[in-house]
There are 2 protein chains.
Amino acid sequence: MATVRALVRPATPRRIEICRTAAAIFRDRGYDATSVSDVARALGITKAGLYHYFESKEALLFEITMYGLDRVRDDVVIPARGIKDPEARLREIVTRHASIATRGHGAIAQLVDEVAALPPARRKQAEDRMRAYIDLVSDTLGELRAAGRLRDVDPAVAAFGIIGMILWLPRWFRQNGRLSSEQVAKQVAEIAINGLVRPRGRRRSKKVRR
Amino acid sequence: MATVRALVRPATPRRIEICRTAAAIFRDRGYDATSVSDVARALGITKAGLYHYFESKEALLFEITMYGLDRVRDDVVIPARGIKDPEARLREIVTRHASIATRGHGAIAQLVDEVAALPPARRKQAEDRMRAYIDLVSDTLGELRAAGRLRDVDPAVAAFGIIGMILWLPRWFRQNGRLSSEQVAKQVAEIAINGLVRPRGRRRSKKVRR
């Protein structure tokens, strides 16, 4: 059965370039206020030239979203899943996600709010994939809690606190600024771990508890 | 000299209601994509009726922004400034700001990105006032650092990490959900303090350092 996903053509450097440029314009002007002509102009191609790649503005938004979610899957979720210790895994998730959130001026990461502009089936598909990431974070926090290593904090507040810190990055991080993307990513992970994980020596031992 | 600010009329319950309703529509549909007619329709009044209160869509956005910044000044900045201890002050800033960020479904807090749609003079005015808040957070972190109480974290990453956690709240917090606004605000403050402030006993004594 052909799914909507199957209709998205493989990412080529040219398609990725179009996605990044379009994402930056959608972010700066708003998705609704941006026309296909605006995107074509920014790319230095004709509207017809752009339609060669994407059948509609909506298809372009969907591909940008899926491209961003592919990066989260390949560069965050899959590598992190291989880490057994939940604290080390949480650190890896935050460091990797914070690092990709600033890539290419973070235009794609900042489009997360525009998912609402997608038609229901595509929106659901995007949200299901976002859910997979949120589940990984929640499961990791759950493991820390089960091991008595999570501070006394609600897992939902913890998960969305982390996600908020990361997805706010593109709003203030400046490429070629005082701090590198890697430095910022490591620091965000450090704040998250210190904020959520009990320091060693103060952990609740499961054996002691009834 | 009449400033732009002086032209904004005092907030009455009706003007505040219009601001909240308009903020919710701007957030849901995007500022650019929303017309004055859309806002009037949502309020159940005519376009002419809305123009009685606001001369333009831009004036409406400006008043919403200033209303939100008034809340931050009156309910966060002024009460927090009176607290001498920087850790207690930081906790108060985060708790109070997180608490107002979820008010009225957080529509006003979420409009922060639309400041870019204001004309330059009004935009500068809004950004100057945002800066006053950011300076309060930065100064508080600076005091903690000077006292050897800040963890080994860059103050900019720390400040924007806090702001990201808070301004992400309206995206996921549900009124009448499992957690109250106050509970969530306290937890966000707890995560921020644990993430940024050295635990007692592990603080660097200034006397010991050269």
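**Loops, helices and the contact of the chains**

Student: Where in chain B does B:N176 lie?
Tutor: The place of B:N176 is in a loop of chain B. This is a predicted model, in which local features need pLDDT of at least 70 and side-chain atom pairs count only at pLDDT 80 or more, while totals for chains, interfaces and linings use all residues. Residues are numbered from 1 along each chain as its sequence is written, and chains are lettered from A and ligands numbered from 1 in the order in which they are written. With helices taken as DSSP runs of H or I of at least four residues, strands as runs of E of at least two, and both numbered from the N terminus, the loop of B:N176 is the one between α8 (155–172) and α9 (181–196) of chain B.

Student: What is the phi of B:N176?
Tutor: Most residues other than glycine have a negative phi. B:N176 is not a glycine, and yet its phi is positive, with a value near 60°.

Student: Is A:N176 buried or exposed?
Tutor: In chain A, the residue lies in the loop between α7 (155–172) and α8 (181–196), and A:N176 also has a positive phi, of about 60°. A residue is buried if 20 or more other C-beta atoms lie within 10 Å of its own, exposed if 12 or fewer, and partly exposed in between, with C-beta atoms placed from the backbone. Because A:N176 has 5 other C-beta atoms within 10 Å, A:N176 is exposed.

Student: How many helices are there in chain A?
Tutor: Of the 210 residues of chain A, 38% count as buried, and the C-alpha trace spans about 70 × 50 × 25 Å along its principal axes. From the N terminus on, the elements run α-α-α-α-α-α-α-α. With zero strands in chain A, the number of helices is eight.

Student: Which rotation superposes chain B on chain A?
Tutor: The copies are superposed by least squares on the C-alpha atoms of residues with pLDDT of at least 70 in both, which leaves an RMSD of 0.0 Å and 0.0 Å of shift along the axis. That is the relation of a two-fold axis, and the C-alpha of B:G195 comes closest to this axis among the residues of chain B, at 1.8 Å. The rotation itself is 180°.

Student: Which element gives the largest share of the side of chain B that touches chain A?
Tutor: Counting two residues as in contact if their C-beta atoms, placed from the backbone, lie within 7 Å, 29 residues of chain B are in contact with 29 residues of chain A. Two or more residues on the side of chain B come from each of α8 and α9 of chain B. The largest share, 10 residues, comes from α8(B).

Student: How many residues of the side of chain B that touches chain A are charged?
Tutor: Here Ala, Val, Leu, Ile, Met, Phe, Trp, Tyr, Cys and Pro count as nonpolar, Asp, Glu, Lys and Arg as charged, and the others, Gly among them, as polar. By that division the side of chain B has 18 nonpolar and six polar residues, and the number of charged residues is five.

Student: At what angle do α8(A) and α9(B) cross?
Tutor: Axes are lines fitted to C-alpha atoms, for helices over the stretch in contact, and angles run from 0 to 180 degrees between N-to-C directions. The contact joins A:I191, A:A192, A:N194, A:G195 and A:L196 of α8(A) to B:I191, B:A192, B:N194, B:G195 and B:L196 of α9(B), and its residues divide into six nonpolar, four polar and no charged. The axes of the two helices come within 7 Å, and their crossing angle is roughly 115°.

Student: Is the crossing of α6(B) and α7(B) left-handed or right-handed?
Tutor: Helix α6 (residues 86–101) and helix α7 (residues 120–146) of chain B pack at an angle of about 150°, with their axes 9 Å apart. A crossing is left-handed if the near helix is turned anticlockwise from the far one by less than a right angle, and right-handed if clockwise. The crossing of α6(B) and α7(B) is left-handed.
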